[in-house]
Structure formats: C-alpha cells, structure tokens
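This report considers one protein model, beginning with a single residue and its surroundings. Please examine the sequence and structure shown here before reading on.

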Amino acid sequence: MYRASLHHEIAYFSYDDDHQYHRDERSLRYYYPPRLGADLSKGFDTFKQLDDTADDHLDSLLKTIMALEGETGTKCEADIITWRGMMTKIMAAPFDNMGGNGFIEENREHKLEQRRYQHNQSSQPGAPSQDLMSYWGTFSIVTINKTVLNGHIGYKFETLSLLPAPWDPTSREYIESREDEIVNNHAQYCSIVKTGIGKAKMILGGEVDAGEFFSFDP
C-alpha cells in the first residue's frame, strides 16, 4: 500500500475579474453562510461567464513555479506536475465502473463538443435549461444507505457564500447585499502544493473557493 504525504502550500496565484494572471492572492475569498431561502436564479441574465474554450494548459501553474524557483534559487523537485483535477482522474481510474477502458486523456475538443451537445438539447416542458442549472449548481447524491443529500456548488451559490475579506472588516451592507452581486466566474484563486504518494513526488495546482476567517491553509 502506498501512503500519501501531507501536502503544504508552496505558492499561489490569482486570476482577476478579467481573468488576467497575477502572482498574488487578490482573488482569495472567505466563506460566510448565505441567507437561507435566497433566489438562486436571480442575476442569471447578467452573469459574466468565462469563455473557457481556449485551453490554458499548465501555463499559469508553470509560470508560478518558475518565478518561485527564481526567487529562492532552488529547483522545485517533482516527478509529476499537474492540476489537482487531472490527478483525481488518474487516482479514480481503477475504481471506474462506468465502462472506462483505463485510458486517460484530457481531450478538450471532445469536452467542448459534449458541452455543445448538452446545450442544444431541449429541456423538458417546465424544466430549467442546462445553463441555468449550472448557474445554480444544484446536486443530489444518493448515499450507500439510500439517503438523498442535496446541495449547491454553482456560481450563484459561491457569490452568496463568499466575502472578499474576512468577516470582521466586511461591512454588514455588503454581507446582506450579496444576492444583488453580479455573478462573475472570471476570478479564481489557485493554490500550488507539494505532496506525494509513495516515492512519487508531486506538485499539484488547484482552484480554492474560500479560506477561513482567521487563517488560510488550503
């Protein structure tokens, strides 16, 4: 059995509201519970959605690592450098019971084609569109004991749940007006951590939605 190493953050970067790269934490947000009963459809018509048809590859991740090496004069030794999501796919592959063939490839053209196909599918009468459901981020999970868990992970829910600064310096007016904020998914905070499995050393990058008020340890 291979043991996973504890991870620790070595660097981070942000994309701003125009999705421009910055090697700082300007897009880090902090969690604060939203008001119960908020309308998850509100603001859908003004949603500033990121056009992610272009493939960013590992550019921002590698740019940040190179800058860190230049500052410290030390090479970031690793056997694998990739995004957290790709490593998740690799680690989950042995447990794939959905007919997978064990071959993993990030085929972006295929993903975009599937997205276009889903977008063009007609919704059932009275049912919300695929785009609106993505905006909500509503999900249901059936547990092993048949319990149904419902939740939200969408862009609107993030806007309702996050603050641009810790709770203490954030005004009550801002906290209570989050339902009226324009939803914008261009901004992202990405953490880069050093970790490992067995003898394999890894550097993984991944988006982090929020930190805690008193400290941040992704």
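## Cys76 and its surroundings

Apart from neighbours within four places in sequence, Cys76 touches Ile10, Ile65, Leu68, Glu69 and Ile203, where contact means heavy atoms within 4.5 Å. Cys76 is buried at 10% relative accessibility; buried means under 20% relative accessible area, exposed over 50%, and partly exposed in between (1.4 Å probe, protein chains only).

The model is predicted: local features need pLDDT of at least 70, side-chain atom pairs count only at pLDDT 80 or more, and totals for chains, interfaces and linings use all residues. Residues are numbered from 1 along each chain as its sequence is written, and side-chain values use heavy atoms, with hydrogens and water left out.

## The largest nonpolar core

The largest nonpolar core has ten residues, including Cys76, Cys190 and Ile203. Such a core is a set of buried Ala, Val, Leu, Ile, Met, Phe, Trp, Tyr and Cys residues joined through side-chain atoms within 4.5 Å. Strand 1 (8–15), helix 1 (59–72) and strand 8 (188–197) each contribute at least two of its residues; helices (H or I, at least four residues) and strands (E, at least two) are DSSP runs numbered from the N terminus. Cys190 is buried, at 4% relative accessible area.

## Salt bridges

There are five salt bridges, each a side-chain nitrogen of Lys or Arg within 4 Å of a carboxyl oxygen of Asp or Glu. In one of them, Glu71 pairs with Arg23, with the closest N and O atoms 2.6 Å apart. Glu71 belongs to helix 1 and Arg23 to the loop between strand 2 (21–22) and strand 3 (30–31), so the pair ties together parts 48 residues apart in sequence. Glu71 is exposed at 57% relative accessible area, whereas Arg23 is partly exposed at 33%.
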